[in-house]
Every structure is written in structure tokens, then in C-alpha cells.
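Here are my notes on the model you sent, as numbered points. Please read them with the structure open beside you.

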Amino acid sequence: MGGIPLLDYLVVGTLLFGIGLWGALTRTNAIRILMCIELMLNAVNLNLVALNQYLDPGSVEGQIFGLFIIAIAAAEAAIGIGIVLMVVRRRGEVDINKIRLMRG
């Protein structure tokens, strides 16, 4: 981890998660919500890798798990963007308040 203390990583991760959560809860644009969810996933990933290096400095399990999370996040983003693109093509809207696909 070098000379950077664990608390700094945790603070940055918490701030990123908070920004992502705030954005996901307050935004109505579907693309922005997806970006905020990705930010939250990256914040969790940062904290996971930092904690792993702090608790067991010689192991790489946290980094491998971090790479796994990045792969899952990329797949989630690709599926989410695909869904949003289909909705935009059919409805012409990206605002989630104006999209009523799941309502009867």
C-alpha cells in the first residue's frame, strides 16, 4: 500500500460511494443512474482491495476479487446500457419518471 494509510483509502471509498448513492437516488436520467451505480461499485472495490492489503499484505485474493467485481460491473453496465438504448429507441425518453414500462 506504500505510505498511504488505510484510513485515506476508506475515506475516499466512502466519499465515492456516497456521491454514487446520492446520484442514483436523485437523478432521473437512466444513463446517469447507471454511472452512479458504477461509481458505487468502484468505491466498494477500492475499500475491498485496501482492506485486503491492510489485513493480509502478502495475499492477492482481494485484488483478484476486485478484478472479478470489475468484470461483473462491466457486464452490468453493458446490459444496463443495452436496456436503456432499447427503451430510448422505443419510447424516445431517458427520464425514468416518464418511462412507464413496468406499470400496468
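1. The cover over the buried residues of helix α3 includes helix α2. Buried here means under 20% relative accessible area, exposed means over 50%, and partly exposed lies in between, with a 1.4 Å probe and protein chains only. The buried residues of α3 are Gly 62, Gly 66, Ile 69, Ala 73, Ala 77, Gly 80, Val 84 and Val 87.

2. A word on what kind of model this is. It is a predicted model, in which local features need pLDDT of at least 70 and side-chain atom pairs count only at pLDDT 80 or more, while totals for chains, interfaces and linings use all residues. Residues are numbered from 1 along each chain as its sequence is written, and side-chain values use heavy atoms, with hydrogens and water left out. The term pLDDT is the predictor's confidence in each residue, from 0 to 100. The protein chain averages 89, and 94% of the residues score at least 70. Confidence is lowest in helix α3 (residues 61-91), with a mean of 90, and highest in helix α1 (residues 6-26), with 95.

3. What secondary structure does the protein chain have? It comes to three helices and zero strands, and the order from the N terminus is α-α-α. Helices (H or I, at least four residues) and strands (E, at least two) are DSSP runs, numbered from the N terminus.

4. Does the length of α3 agree or disagree with its residue count? It agrees, because 31 residues at 1.5 Å a residue should span 45 Å and the end C-alpha atoms of α3 are 44 Å apart. The expected span is 1.5 Å times one less than the number of residues. Helix α2 (residues 30-55) has 26 residues and reaches 38 Å from its first C-alpha to its last, close to the expected 38 Å.

5. Now to α2. At its start, a side-chain oxygen of Asn 29 comes to within 2.9 Å of the backbone nitrogen of Ile 31. The buried residues of α2 include Ala 30, Ile 33, Leu 34, Cys 36, Met 40, Asn 45 and Gln 53. Both α1 and α3 are among what covers the buried residues of α2.

6. Asn 45 counts as buried because its relative accessible area is 7%. A polar atom of its side chain lies 3.1 Å from the backbone oxygen of Gly 66. For reference, a polar contact is a pair of N or O atoms within 3.5 Å; within protein, one must be able to donate a hydrogen and the other to accept it, and residues adjacent in sequence count only if both atoms are side-chain atoms. Leaving aside neighbours within four places in sequence, Asn 45 is in contact with Gly 66, Ile 69 and Ile 70, where contact means heavy atoms within 4.5 Å.

7. Gln 53 also belongs to helix α2. Why does Gln 53 count as buried? The reason is its relative accessibility of 13%. The side chain of Gln 53 reaches the backbone oxygen of Ser 59 at 3.3 Å. Gln 53 and Gly 13 are 40 residues apart along the chain, and their C-alpha atoms are separated by 15 Å.

8. Phe 68 sits in helix α3. Phe 68 counts as partly exposed because its relative accessibility is 49%. From Phe 68 to Gly 80 is twelve residues in sequence and 18 Å in space, C-alpha to C-alpha.

9. Just after α3, Gly 92 takes a positive phi of about 75 degrees. Ile 99 lies in the segment after α3 and counts as buried because its relative accessibility is 16%. Not counting residues up to four places away in sequence, Ile 99 touches Val 87, Glu 93 and Val 94. Ile 99 and Val 88 are eleven residues apart in sequence, with 9.3 Å between their C-alpha atoms.

10. Last, the overall form. The C-alpha atoms of the protein chain fill a box of roughly 50 × 25 × 20 Å along the principal axes. Buried residues make up 28% of the 104 residues. Among contacts between residues at least 6 apart in sequence, 56% join residues at least 24 apart.
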